[in-house]
Amino acid sequence: MARFVEIMIVEDEDRVRESFRLAFAKYPGMTLVYETDSELRALDYLETHGVDVVILDIELKEGDGLSFLDEIEVRGLEKPFIVVVTNTGSQVTLSYMRTHGADYIYQKTNRAYSPIKVLSVIEKIYPYQQVEDQRKCMHALATFDQEKEDAITKKYIEDELAKMGFRRKHVGFDYAVEAIFLLIRDKESRLCISSEVYGTIAQKHHTTRGGVERGIRNAIETAFTDAAINGLHRHYPFDYDKEKGRPTNTEFLKNMAERLRV
């Protein structure tokens with residue numbers, strides 16, 4: 001069973017609030033849970049109870065609608081769907097309200113304006129707002145999950161390189177971690193290491209592709225020169241030119257990405 005859409009009216013005129021109370025009889029899916037002419041009391045109610053929709057007038061007996069919009073953000077309150085009803089025609093004021101949380105503005109100077117029309121707008125638009133909020137929530141969760149997964153992958157790469165004798169303080173260490181991470185995510189192997197991978201890392205670290213290439217090469221040379229060969233080979237079981245004493249950057253990065261790809 002669908003629940004009622006809970007609505008709060010913040011309006012300074014008694015007769016207008018009375019008109020809305022009568023209009024609710026035509027919309028059984030909505031219920032008026034609170035009404036006030038005070039910005040402060042409206043905010044306090046929103047903080048302790050929460051509502052689905054606020055019908056908000058700009059001019060109030062105590063405070064004003066613009067400050068109400070600001071305070072929702074200042075207090076960190078969950079923002080309801082907000083329908084502003086106003087007599088103002090000021091485009092500056094209307095623009096301010098839109099950028100500070102007003103979802104719909106119904107001007108009282110509109111000949112079609114009436115409380116029933118306002119509730120009709122809510123009935124039509126609010127369900128779509130719910131769907132949009134759910135979509136944003138799912139996107140935020142997906143983004144959070146992806147960021148968490150990326151952090152775990154990078155930590156895994158760092159630990160594996162450290163086991164091979166790579167020095168964490170070496171600038172090439174960070175470059176190598178990021179390069180391997182980019183290649184792991186590139187499941188179809190479309191990235192060009194010298195241009196796209198190095199280019200992405202260079203842009204992030206405000207350096208050049210050549211600087212990235214040298215940093216990774218120096219890190220590889222140091223690890224393959226100083227590390228215990230037996231221990232290194234356990235973590236890098238791939239062939240490389242023994243005369244050079246190390247794999248090339250491309251060989252190393254691609255092989256490590258393939259080995260660490262889950």
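Analyst: Start with a contact. In this predicted model, Glu213, Ile216, Arg217, Ile220 and Phe224 of α8 meet Asn249, Phe252 and Leu253 of α10.

User: How many nonpolar, polar and charged residues does the contact of α8 with α10 have?

Analyst: Sort the residues by class. Glu213 and Arg217 are on the α8 side, and Asn249 is on the α10 side. The contact has two charged residues, one polar and five nonpolar.

User: Are α8 and α10 roughly parallel or roughly perpendicular to each other?

Analyst: The axes of α8 (residues 209-226) and α10 (residues 249-260) come within 10 Å. They cross at roughly 80°. Angles of 65 to 115 degrees count as roughly perpendicular. Therefore α8 and α10 are roughly perpendicular.

User: Which residues in α8 are buried?

Analyst: Buried means under 20% relative accessible area. An α-helix has 3.6 residues a turn, so residues three or four places apart point the same way. The buried residues in α8 are Gly211, Val212, Gly215, Ile216, Ala219, Ile220, Ala223 and Phe224.

User: Are α6 and α10 roughly parallel or oblique to each other?

Analyst: Helix α6 (residues 171-185) packs against α10 with the axes 9 Å apart. The angle is about 60°. Roughly parallel needs under 35 degrees, and roughly perpendicular starts at 65. Therefore α6 and α10 are oblique.

User: Is the crossing of α6 with α10 left-handed or right-handed?

Analyst: The two helices pack at an angle of about 60°. As α6 passes α10, the crossing is right-handed.

User: How many charged residues does the contact of α6 with α10 have?

Analyst: From α6 come Ala176, Ala179, Ile180, Leu183 and Ile184. From α10 come Phe252, Leu253, Lys254, Met256, Ala257 and Leu260. By class there are 10 nonpolar residues, no polar ones and, for charged, one.

User: Is Lys108 buried or exposed?

Analyst: Lys108 sits in the loop between β5 (104-107) and α5 (115-163). Beyond residues up to four places away in sequence, Lys108 touches Glu11, Asp57, Val85, Thr86, Asn87 and Tyr113. Its relative accessible area is 15%, so Lys108 is buried.

User: Is His206 buried or exposed?

Analyst: His206 lies in the loop between α7 (193-205) and α8. Although not a glycine, His206 has a positive phi of about 55°. Exposed means over 50% relative accessible area. At 74%, His206 is therefore exposed.

User: Which residues is Val33 in contact with, leaving aside neighbours within four places in sequence?

Analyst: Val33 is in strand β2 (residues 30-36). At 28% relative accessibility, Val33 counts as partly exposed. Its contacts are Glu6, Ile7, Tyr45 and Val51.

User: How far apart in space are Thr248 and Gln146, C-alpha to C-alpha?

Analyst: Thr248 is in the loop between α9 (229-235) and α10. Thr248 counts as partly exposed, at 32% relative accessibility. Thr248 and Gln146 are 102 residues apart in sequence; in space, C-alpha to C-alpha, they are apart by 31 Å.

Notes: Residues numbered from 1 in each chain as written. Predicted model: local features only at pLDDT ≥ 70, side-chain atom pairs only at ≥ 80, totals over all residues. Heavy atoms only, no water. Axes fitted to C-alpha atoms, helices over the stretch in contact; angles between N-to-C directions. Helix = DSSP H or I, 4+ residues; strand = E, 2+ residues; numbered from the N terminus. Parallel < 35°, antiparallel > 145°, perpendicular 65-115°, else oblique. Contact = heavy atoms within 4.5 Å. Nonpolar A, V, L, I, M, F, W, Y, C, P; charged D, E, K, R; others polar. Buried < 20%, exposed > 50% of the residue type's maximum accessible area, 1.4 Å probe, protein only. Left-handed = near helix turned anticlockwise from the far one by under 90°.
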